[in-house]
Amino acid sequence: MSAVEAPAVPAVAVEEPKVAAKSGVKSFLSGGFGGMCLVAAGHPLDLLKVRMQTSTEYKSTLDCFRKTLAESGVRGMYRGMAAPLVGATPVFAICFWGYDMGQKIMRQVYNLSPNDKLSTNQILFAGGFSAVPTTAVMAPMERIKCTLQVASAGGSGVVYKGPADAAMGIIRAGGITSLFKGTCATLLRDVPGSVAYFGAYEIIKQSLTNQSAGQGSISPLAIVTAGGLAGMANWAVAIPPDVLKSRLQTAPDGKYSGVRQVFVEMMRTEGAGALFRGMGPALLRAFPANAACFLGVELSLQFMNKLW
């Protein structure tokens, strides 16, 4: 008696859960929106940071705040905000687009699928890579912003009507290339700063939610916490080169040949402690500003993922 064969059961392919598609366009748009949130939340403390970095007349962050408020009023706390607000969209759009491109480079190099999580080193590379394209837009915006912020400080008597007027004044004084003064210093600040920024964000967020960027639902509290701490990590690394950049960008044309001369003169006349001037307002600003930034980025990404 022959054995009865069981009917063959067709194999069913088990698909891995797919992550939401994250295009360069989505990264660009969400980064721009996040940048606008960051500027709106953090500009007053950024103004205090720059004034403390470029002047020795302030004893503390509170002293700088009191004098600025007495001198210019509440509106003075938002002096120079138009330039970074207008520039925030392309700067942060390019920054987050660059971060996305850095991640894609790592996936191609290591033959990883969109479902595969990147290692810590791969995330750090993507973060550092994001600073390279961003600097081309960031440097002139930072130059205009810093010029506006210190224009009325220290009795200089120089008053600008706004970003466009400040830009024209910079060009008249030193030519179009003067707008890009401090580009190397900006790059020196932003490459290590971005490594710390995106690295801290992803590591902290994953520890709180076990999710990587753009995957699954993410708790707003986790985003705010990770984003705020990432901003503080960024400035903890970036503040010394940021001091050099601010000094270089606000100095009269021809005073310094480059960031190296700024460093040498600062060490000779003020000591190493001057490199950390403005750390207080920078860290105070970092948490709320970057919490707002990453919340804007993640929520706008979730919104766009529902649309397409």
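Predicted model: local features only at pLDDT ≥ 70, side-chain atom pairs only at ≥ 80, totals over all residues.

Me: Why is the contact between Lys 145 and Glu 142 called a salt bridge?

Reply: The term requires a side-chain nitrogen of Lys or Arg within 4 Å of a carboxyl oxygen of Asp or Glu. For Lys 145 and Glu 142 the N to O distance is 3.2 Å, so the pair meets the definition. Both residues lie in helix H4 (residues 120–150), 3 residues apart, about one turn of the helix. Helices here are DSSP runs (H or I, at least four residues), numbered from the N terminus.

Me: What makes Lys 145 and Glu 142 count as buried?

Reply: Buried means under 20% relative accessible area, exposed means over 50%, and partly exposed lies in between (1.4 Å probe, protein chains only). Lys 145 has 5% and Glu 142 has 9%, so both are buried.

Me: Which parts of the chain does the salt bridge of Glu 142 and Lys 245 tie together?

Reply: The side chains of Glu 142 and Lys 245 meet at 2.8 Å, N to O. Glu 142 lies in helix H4 and Lys 245 in helix H7 (residues 220–250), so the pair joins parts that are 103 residues apart in sequence. Lys 245, with a relative accessible area of 0%, is buried. Glu 142, Lys 145 and Lys 245 also belong to a network of salt bridges, whose other members include Asp 46 and Arg 285. A search of the whole structure finds 15 salt bridges.

Me: What makes a group of residues a nonpolar core, and how many residues has the largest?

Reply: A nonpolar core is a set of buried Ala, Val, Leu, Ile, Met, Phe, Trp, Tyr and Cys residues joined through side-chain atoms within 4.5 Å. The largest has 28 residues, and those with the most contacts inside it include Leu 38, Phe 92 and Phe 294. The elements giving two or more residues to this core include helix H1 (24–54), helix H3 (82–109) and helix H6 (183–209). H3 gives the most, with 7 residues. A second, separate core of 15 residues includes Trp 235 and Ala 238.

Me: How do you know that H7 is not straight?

Reply: The expected span of a helix is 1.5 Å times one less than its number of residues. A straight helix of 31 residues would span 45 Å, but H7 spans only 38 Å between its end C-alpha atoms. H7 bends by about 55° at Ala 238, the bend being the angle between axes fitted to the seven residues ending there and the seven starting there. A proline, Pro 240, follows within four residues.

Methods: Residues numbered from 1 in each chain as written. Heavy atoms only, no water.
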